[in-house]
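Look over the sequence and the model before reading on.

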Amino acid sequence: MQIGSYKLDNPVILAPMAGITDQPFRRLCWRLGAGLTVSEMVSSNPRVWNSKKSLDRMVHLDECGIRSVQIAGSDPELMALAAQHNVANGAQIIDINMGCPAKKVNKKLAGSALLQQPELVEKILDAVVQAVDVPVTLKIRTGWSPEHRNALQIAKLAEAAGIQSLAIHGRTRACMYKGLAEYDTIKAVKKEISIPIVANGDITTPEQAKHVLDYTGADAIMIGRGAQGNPWLFREINHFLSTGQHLDAPKAEEVKEVMLHHLDNLYTHYGEYQGVRIARKHVGWYLKQLADTDEFRSQFNQLESALVQTSAIEQFFE
């Protein structure tokens with residue numbers, strides 16, 4: 001899998017997820033086998049760039065691996081400016097968000113709402129590609145609704161604009177995350193387009209990863225919700241794709257070590273107060289992989305300090 005001049009170590013990519021794929025999580029997934037990690041989306045509105053949330057997301061120089069940063073917005077000039085700003089802060093790849101289904105994003109005509117306006121899509125793609133000298137990629141859904149799947153039309157605009165890679169989530173905006181992802185649209189786009197295609201949606205096991213790659217002919221796959229609480233999925237998929245064999249599940253000691261390392265990075269990155277609160281959702285996802293953890297999860301969510309949280313994890317595994 002090649003994106004411009006960057007060659008990925010493997011074809012398994014961590015999807016950008018708002019509030020989830022922060023620097024601590026990206027580093028963890030990279031360490032456990034992700035060939036590329038993509039940042040949380042950054043707004044193209046310069047008025048919010050100095051907010052704490054944006055500043056947390058916009059310093060990229062000390063990232064692991066290839067630094068891919070996703071930007072979101074609907075104004076071509078502001079999107080171009082956002083691309084330049086993030087490149088100046090260390091981004092090596094700029095990813096454009098036209099796939100987010102969230103209402104608060106769509107009401108600003110950003111994310112997947114843009115799929116309804118191909119002329120505006122074309123202007124945004126042209127503006128961003130021309131604004132920076134790094135590869136620009138695009139993430140979309142199959143369309144706005146099942147009755148209006150226009151992924152192929154958008155893909156052709158992307159190819160013409162010089163987009164270097166196209167990721168497609170196998171649902172429309174109307175589908176949100178309901179039902180099952182469909183891969184026929186991704187397969188159809190791959191047949192018609194020469195740029196690399198990344199398949200996304202409902203890939204949670206090594207078997208599903210191989211099936212999606214084989215069925216669609218995609219150049220890579222993108223893992224989103226499947227990585228929540230299970231960052232080992234990347235190495236498991238890579239091993240299965242290369243050998244056809246399953247890796248053993250991580251032992252309890254490794255699960256504990258990864259959780260504690262992740263929490264420590266959250267506290268360092270955000271500070272203790274915010275880090276403790278962000279840790280709760282990640283620990284909840286980790287615990288879903290284990291049995292009989294409801295009571296512990298409920299108790300953990302009441303803990304108010306980093307020391308008490310880490311002690312609770314240690315005691316849980318003992």
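A polar contact is a pair of N or O atoms within 3.5 Å. The model discussed here is predicted.

## E182 and its partners

The side chain of E182 makes two such links. One joins the T185 side chain at 2.6 Å. Another joins the side chain of R149 at 3.3 Å.

E182 sits in the loop that runs between β9 (165-169) and α7 (184-192). Its relative accessibility is 19%. Buried means under 20%, so E182 counts as buried. Leaving out residues up to four places away in sequence, E182 touches T142, R149 and G170.

## Helix α9

Helix α9 covers residues 233-243. Its buried residues are L233, F234, E236, I237, N238 and F240.

## Cavities

How many cavities of 30 Å³ or more are there? The count is three. The largest cavity holds about 100 Å³ of space. It is lined by 15 residues, and those closest to its centre are D95, T137, S165, A167 and M222. Strands β4 (36-38), β8 (136-141) and β9 each give two or more residues to this lining.

What classes of residue make up the lining of the largest cavity? There are 10 nonpolar, three polar and two charged residues.

Key. Residues numbered from 1 in each chain as written. Predicted model: local features only at pLDDT ≥ 70, side-chain atom pairs only at ≥ 80, totals over all residues. Heavy atoms only, no water. Buried < 20%, exposed > 50% of the residue type's maximum accessible area, 1.4 Å probe, protein only. Helix = DSSP H or I, 4+ residues; strand = E, 2+ residues; numbered from the N terminus. Polar contact = N/O pair within 3.5 Å; in protein donor to acceptor, adjacent residues only side chain to side chain. Contact = heavy atoms within 4.5 Å. 1 Å grid on protein atoms, 1.4 Å probe; cavity = no way out; pocket = protein on both sides within 12 Å on 5 of 7 lines; lining within 4 Å. Points joined across faces, edges and corners; volume = space filled by probe spheres on them. Nonpolar A, V, L, I, M, F, W, Y, C, P; charged D, E, K, R; others polar.
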